[in-house]
Amino acid sequence: MLELGKRQTLKIVKRTDFGVYLAEEGAEEERVLLPKKEVPEHAVIGDELNVFLYKDSKDRLIATTRQPKLELGQVGVLKVKEVAKIGAFLDWGLEKDILLPFKQQTRKVRDGEECLAALYVDKSGRLCATMNVYEYLQTDSPYKKDDHVTGTIYQISERFGVFVAVDNRYSGLIPQKEAAGKYRIGEEISARVTGVKEDGKLDLSAREKAYLQMDEDAEAVMLAIEEFSGVLPFTDKASPEVIKREMGLSKNAFKRAVGHLLKEGRIEITERAIRKIK
């Protein structure tokens with residue numbers, strides 16, 4: 001069976017002036033053309049060639065000996081060649097660029113930038129790209145709790161958190177409760193594995209363990225106090241939403257940092273504010 005979007009080893013079954021036709025052993029009636037410019041110089045009928053199958057500009061199945069940057073179901077970073085009326089066209093290593101429809105973009109892309117994408121077959125039987133890579137990511141990573149990893153943010157959900165493709169390959173998530181700070185789709189981040197779920201997906205945090213992170217958080221709080229002319233107009237009793245919006249910290253992390261600064265004698269807490277001690 002000829003498989004769109006994948007490499008296959010096929011046999012030359014017919015030669016023409018414009019190329020050769022390839023087919024699987026015992027299924028010569030289902031053929032695909034390999035254009036003349038890609039046929040090896042001394043190839044003859046009966047030879048086997050390893051080729052990739054896609055569709056040309058007229059939606060005809062065609063073979064190529066070139067290696068695309070992605071195959072069907074794979075995930076990788078591709079460069080945007082052009083943004084058109086129907087979507088963006090990405091460079092995937094073949095003559096015909098691959099379409100990334102607007103509906104498959106998790107953010108608007110621009111000419112010349114790179115985006116994380118996967119290949120799929122659309123309803124009309126064409127190969128297309130999608131930035132919704134969740135279902136294409138693997139769950140058999142070699143990582144364990146407290147390992148440090150890098151990855152690309154591909155989706156942000158107010159309900160679930162920040163979705164990360166670890167190594168642009170494995171499924172990871174910074175849960176909403178851990179997702180303090182500002183994130184953007186396409187951003188590459190470093191994170192710590194906080195757990196591995198039964199299905200193999202990784203729980204992540206962009207922060208270190210509390211006792212390691214506390215000093216850094218404390219300095220961030222001091223910087224904020226100084227930016228407010230030495231008086232932060234709320235305390236650690238403020239709502240988690242206010243603390244996250246103003247400081248990019250969870251309430252617990254903020255309370256630990258404030259407590260640390262208080263112990264060092266660098267601040268004082270009043271009923272409605274935190275003041276720097278001069």
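Which residue takes a positive phi in the hairpin of strand 7 and strand 8? Select Gly-93: its phi is near 95°, and the hairpin has six residues between the strands. Strands here are DSSP runs of E with at least two residues, while helices are runs of H or I with at least four, and both are numbered from the N terminus.

Before moving on, know that you are looking at a predicted model, where local features need pLDDT of at least 70 and side-chain atom pairs count only at pLDDT 80 or more, while totals for chains, interfaces and linings use all residues. Residues are numbered from 1 along each chain as its sequence is written, and side-chain values use heavy atoms, with hydrogens and water left out.

**Stop 1**

Two strands count as paired if DSSP finds at least two bridges between them.

Now pick strand 6 (residues 75–83) and strand 7 (residues 87–91), an antiparallel pair with four bridges. A hairpin of three residues joins them, and Glu-82 sits opposite Phe-89 in strand 7. Strand 7 also runs antiparallel to strand 8, again over four bridges; there, find Ala-88 opposite Leu-100.

**Stop 1: the cores**

Show the side chains of Leu-90, Trp-92, Ile-98 and Leu-100, which touch the most other members of the largest nonpolar core, a set of 21 residues. Such a core joins buried Ala, Val, Leu, Ile, Met, Phe, Trp, Tyr and Cys residues through side-chain atoms within 4.5 Å, where buried means under 20% relative accessible area with a 1.4 Å probe, protein chains only. Strand 9 (114–121) gives the most, with three residues.

Stay on Leu-100: beyond four places in sequence, its contacts (heavy atoms within 4.5 Å) include Gly-87, Val-109, Cys-115 and Met-131. Then jump to a second, separate core of 18 residues, with Ile-225, Leu-232, Ile-243 and Met-247 among them.

**Stop 2: a loop**

Finally, select Thr-235, in the loop between strand 16 (231–232) and helix 2 (240–247). Is Thr-235 buried or exposed? Thr-235 is buried, at 7% relative accessible area. Leaving aside neighbours within four places in sequence, Thr-235 contacts residues including Ile-243, Phe-254 and Arg-272.

Technical notes
Buried means under 20% relative accessible area, exposed over 50%, partly exposed in between (1.4 Å probe, protein chains only).
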